[in-house]
Amino acid sequence: MSDDESRQQRNGSHVHGTDLAGSNEFWGDESSAVRDALQWAVARMARSSDPRSTAHPESEIAAAAGETVTSDGIGSAEAMRIFKDVLEPATRSQGHELNLAYIPGAPNRSAVAFDAVTGSANIFGGLWEAGAGAIHAENEVLAWLASLLQWPDTAVGCFVSGGTTGNLSALFAARKRALTRLGAKPEGGWTLVYTSGAHSSIATAAEVLDVATAEVPVDERGHMTGAALREVLERTPSAFAVVTSAGTTNTGVIDDLADVADACAEYGVWMHVDGAYGGAGLLAPSVREQFNGIERADSFIVDPHKWLFAPYDCCALLYREPEAARNAHSQHASYLDHIDREQPNPSDLALHLSRRVRGLPLWFGLATHGIERYREAIEQTLRTAREVAAGIARIEHLDLLVAPELSVVMFDRPGWDEADYNTWCYRLAHEGTMLCVPTRWRGRIVLRVVFVNPDTSSAEVLKILEETTR
Ligand SMILES: Cc1ncc(COP(=O)(O)O)c(C=O)c1O
C-alpha cells in the first residue's frame, strides 16, 4: 500500500477500495460526504428486511432536527447524523413484508442499489442525444412490456414519475388525437368516461384537461362491462377516451377488457388501461386470461414501484400509436429546434422535458434476475393473497367480502364499528405488528390487505388477523 493509499484509508476516504479523494475545484474535498452517504446506503441495502419505521408529527421532527439549511452549512457529518437519527426513522419503509396498506412497494435489492448508480451517473434522460445508452436500456424494458401486452413492435413509451402523471399524459394524447380526427372540439367540450372504481388520479386528469366526465355503472363485483359502457357511449358523442382499470386500487378487480375494447372500437374512442397496480399481473399465467382485450388498448400504464419490485418513482407509460403521443407531447421552442425528432426522445412522449432515467433500476433488476424470477415473484404474491383469503373465510369471527382477482383481499369483522376498526389499525401500526388501514366498500367500512412482497408469509398474516380481531 502506498503512503497516499494508507493515508486515505486512515482518513476513511475509501469505500470498498475506491479512492474518494477526487474533488471539484469549487466545492473542494467532498470525500467524507460521499463516503458517509454511500456507507449508509450500503448498510441499508444489506439489511434482510426494511425497518418498521413510521411517520412522526411535524413538530417532533422539527424539534429533533433543528435548523439544517443555514448560511454556512452544518457539514456533511451533522447532516448525515440528522438523516440517520431523525429523518429516515420518521418515514414509513414501504417494503416491509407486513406493510399491507394502500398499495405498498417491495423493490428487490438489485433495483434499489441501481437507483444509487442511476443517481450517481446524473444522466439527462429527456433526449436521446444526451441519454442514449440509458434510454436504450429503458426502451428494452418498455419493448418487453409491449410484448406482454401483445402490442405491435411499433409501440413506444417512456418512464414517468408515477401513475398520476402516466394517466394524465396518456389522456392528453387521447384528447389531442380526437381533436386531430374531428378537426374541432365538440360543442360543449370533450367527455372522459370511467367508473367509480377508477383511481382518483383520473378525476384529477379530467379536471386538469378541463373535460366533462361520464360514469359507467359497475357490475356487482365492481367491473366495467361492455354493455354498460355501450349505453354511456351511445348517449355521449363527445367521449374522447375510456379509462379502464386492470386492477382497481380499492378491490383489485380487472374490468371486462375484451368487451370494453369492442365498445371502444365501435365508437372510435381511445381505450386507456390503468394498470398502475395490477398491470404486473400480465406476467402471471394464473391471471393472464383476465387481461384479454388489453392487446387492443391505445395506451397503458404500470407502476413498477408498486408490484414490479422497483423503487420509487417509476411508471411505465406505453402508446400503441407513436404519432398520437408525439403530436401531443413534443415541445417546440427555438432552442429545441435542433433536436433530432427521429430519435426515441422520452420528452416527446409525456408531460416532461428534463427527466432522470428512472427506468434503469427496473432494467437492472430484470437483467440481474431474469423475467422468470419476476414471474415467480408475482405468482408468489398471488398465492399469498389466495391463501390469506381462504384463511379469512375459515376464521369464524371474520367475513371474506371479495375473493381476490389479483392480490387485494377485502374482509370485515362483523360487530365492529368504524371506531373499532380505527383503534385496531392504529394499535397494530403503533406496535409495528402489521400495517393495514380500513377502506370503504359499498358504503361501509371494511378492511383491505394488498400483497406485493414475495416474502410476506400468509401464515403470519393469518395468525395476526385471527388473534388480534377476536
Ligand atoms: C390504479 C392506480 N392508478 C393510478 C395510481 C396513481 O399512481 P401514483 O401514486 O404512482 O401517482 C394508483 C396509485 O395507487 C393506482 O392504484
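Author: The questions below go from the whole chain to single residues.

This is a predicted model, in which local features need pLDDT of at least 70, side-chain atom pairs count only at pLDDT 80 or more, and totals for chains, interfaces and linings use all residues. Residues are numbered from 1 along each chain as its sequence is written.

Reader: How many helices and strands does the secondary structure of the protein come to?
Author: Helices (H or I, at least four residues) and strands (E, at least two) are DSSP runs, numbered from the N terminus. By that count the protein has 16 helices and 13 strands.

Reader: What radius of gyration does the protein have against the globule rule?
Author: The radius of gyration is taken over C-alpha atoms, and the globule rule is 2.2 Å times the number of residues to the power 0.38. For 470 residues the rule gives 23 Å, and the protein is close to that, so it is as compact as a globular protein of that length. Along the principal axes, its C-alpha atoms fill a box of roughly 80 × 65 × 45 Å. The radius of gyration is 24 Å.

Reader: What percentage of the 470 residues in the protein is buried?
Author: A residue is buried if 20 or more other C-beta atoms lie within 10 Å of its own, exposed if 12 or fewer, and partly exposed in between, with C-beta atoms placed from the backbone. Buried residues make up 42%.

Reader: Which residues is Ala 241 in contact with, leaving aside neighbours within four places in sequence?
Author: Two residues are in contact if their C-beta atoms, placed from the backbone, lie within 7 Å. On that basis, the partners of Ala 241 are Leu 171, Ala 174, Leu 192, Val 193, Val 269, Trp 270 and His 272.

Reader: Which residues around the ligand come nearest?
Author: A residue is near a molecule or strand if its C-beta atom, placed from the backbone, lies within 6 Å of it. Helix α7 (residues 163-182) gives the most to the shell around the ligand, with three residues. Of the 14 residues there, the nearest are Gly 162, Gly 163, Thr 164, His 199 and Ala 276.

Reader: How do the residues of the shell around the ligand divide into nonpolar, polar and charged?
Author: Ala, Val, Leu, Ile, Met, Phe, Trp, Tyr, Cys and Pro count as nonpolar, Asp, Glu, Lys and Arg as charged, and the others, Gly among them, as polar. The shell divides into four nonpolar, eight polar and two charged.

Reader: Which helices do the buried residues of α13 pack against?
Author: Helix α13 (residues 360-369) is mostly covered, with seven of its 10 residues buried. Those residues are Leu 360, Pro 361, Leu 362, Trp 363, Phe 364, Gly 365 and Leu 366. They pack against α5 (109-121), α6 (128-149), α11 (304-307) and α14 (371-394).

Reader: Which residues does Val 112 touch, not counting those up to four places away in sequence?
Author: Val 112 is in helix α5. With 19 C-beta neighbours inside 10 Å, Val 112 counts as partly exposed. The residues touched by Val 112 are Met 45, Pro 107, Pro 311 and Pro 361.

Reader: Where is the cis peptide bond that involves Asp 313?
Author: Asp 313 is in the loop between α11 and β9 (315-319). Omega of the bond is about -5°. The cis bond joins Tyr 312 and Asp 313.

Reader: Is Phe 309 buried or exposed?
Author: Phe 309 lies in the loop between α11 and β9, and has a positive phi of about 60° although it is not a glycine. With 29 C-beta neighbours inside 10 Å, Phe 309 counts as buried.

Reader: Is Arg 442 buried or exposed?
Author: Arg 442 is in the loop between β12 (438-441) and β13 (444-450). Phi of Arg 442 is near 50°, a positive value in a residue other than glycine. With 8 C-beta neighbours inside 10 Å, Arg 442 counts as exposed.
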